[in-house]
Amino acid sequence: MPNLKDLKNRIASVKSTRKITKAMQMVAAAKLRRAQDAAESSRPYTERFNAVMAGLAAGSAGSEAAPKLLSGTGSDQVQLLIVMTAERGLCGGFNGNIAKLAKAHAAKLLAEGKTVKVLTVGKKGRDAIKRDLGDHFVGHVDLSAVKRLGYADAQGIAKDVLARFDGEEFDVATIFFARFENVVTQHPTAQQIIPAKFETTEDAEATLYDYEPSEEEILADLLPRGVATAIFSALLENAASEQGARMSAMDNATRNAGEMIDKLTIQYNRSRQAVITNELIEIISGAEAL
Amino acid sequence: MANLQFDLVSPERRLAQVQATEVQIPGADGDMTAMADHAPTITTLRPGVLTVVHSGGSDAYVVSGGFAEITATGVSVLAEQALPQAEVTQDIYDQMVEDAKAAYGRAQETFKNEPGPVDDAAKLLSDMVAIGGHIGLTAKT
């Protein structure tokens, strides 16, 4: 049985841990609201953009002159995986789940004999997949200095990816991130961004548009922006998911710490009582012996 | 007069959502004004000033590119970067011109023998400088 002093120290240490996790939970809750607002205000843009792109893409799909970003390079041999995770840990299974999905995807592609290249965004995911896919790393984007995600950050990543595409470094690009559903649920998601895929809404009334300049030029202009838009919305979803995951992880930690404190306190009181009883027995038996 | 629904969104936020009577758009192939019952058109934007006229007066926004979708009943402008004209200070404008200059420099280096991208970047820069004239700021030379 641990002595009284040890128990006392232990309780004090768990108490301060609880204070920390509680504070982290509250910070995450505040950040979550901001991240959710950001994700929400980007939604109108993404939706309109995809609607227009879907129309344009449907029009030029299958034509010989379709840009490579839309039709692909005609091969899927070299695959680029863009794994987006957080810069910080202590957010439950968030980073692990994304890394797991990316690893499974990479293993499948490797088994098919494809070449896999990995671009990581966020330090934690990089650490998580380094052991399995370290040889496939081609680059890393560090966003740890970014306080507030802006479109410019997404554009930076997109520029890097597009430069690699133009340099014919890969044929297909897929991004991995966690889609935010609610505070307790985040879905790790894989989304192919090059060649671009758009959900074609057949039922929408097909308006015949005039295009200025030509349809091809607009498409060529918009496709690179589509990459940036997809990355931006993934980054925002990821940011919201990260805070949500951290909030629920820290909520659990706080609760566990509370339970532990209760248990330790009971143990502490019992052993204190045992010491007192012991001393009493000694005194009484000493008195009887006289 | 019939109204049309005007939306101005950038990736980061929705800037405006009003019932407008006319919208003046800096299209890539020239300025155009959209009013109700305009033929459905999709056009890319060049950097410029976008003006919305509505019952309460008119608003001007500085946009740096993107595209506009015009239908008979509404105009949606998806701008890469957009700011109400009043919020564009000399500092922000300098930064925008600076970016355009950098892009022009990069284009000159990367595409030495292809005039296309270099011309595009040059046009972007001159559009940026021209915005200054519209909003009363001057570009540093």
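**Close-up views of a predicted two-chain model**

**View 1. Confidence in chain B.** Chain B has a mean pLDDT of 84, with 97% of its residues at 70 or more; pLDDT is the predictor's confidence in each residue, from 0 to 100. Within chain B, confidence is lowest in helix H2 (residues 115-135), at a mean of 77, and highest in strand S1 (residues 4-9), at 91. Helices (H or I, at least four residues) and strands (E, at least two) are DSSP runs, numbered from the N terminus. The model is predicted, so local features need pLDDT of at least 70 and side-chain atom pairs count only at pLDDT 80 or more, while totals for chains, interfaces and linings use all residues. Residues are numbered from 1 along each chain as its sequence is written, and chains are lettered from A and ligands numbered from 1 in the order in which they are written.

**View 2. The contact between chains A and B.** For the complex, the predictor gives an ipTM of 0.78 and a pTM of 0.85. Chain A brings 21 residues to the contact and chain B brings 20 residues, two residues being in contact if their C-beta atoms, placed from the backbone, lie within 7 Å. On the side of chain A that touches chain B, helix H1 (4-60), strand S6 (210-212) and helix H6 (215-289) of chain A each supply at least two residues, and H1(A) gives the most, with seven residues.

View 3. S6(A) and strand S4 (residues 41-45) of chain B run parallel and are joined by three bridges; strands pair if DSSP finds at least two bridges between them. A:Glu212 stands opposite B:Thr43 in S4(B).
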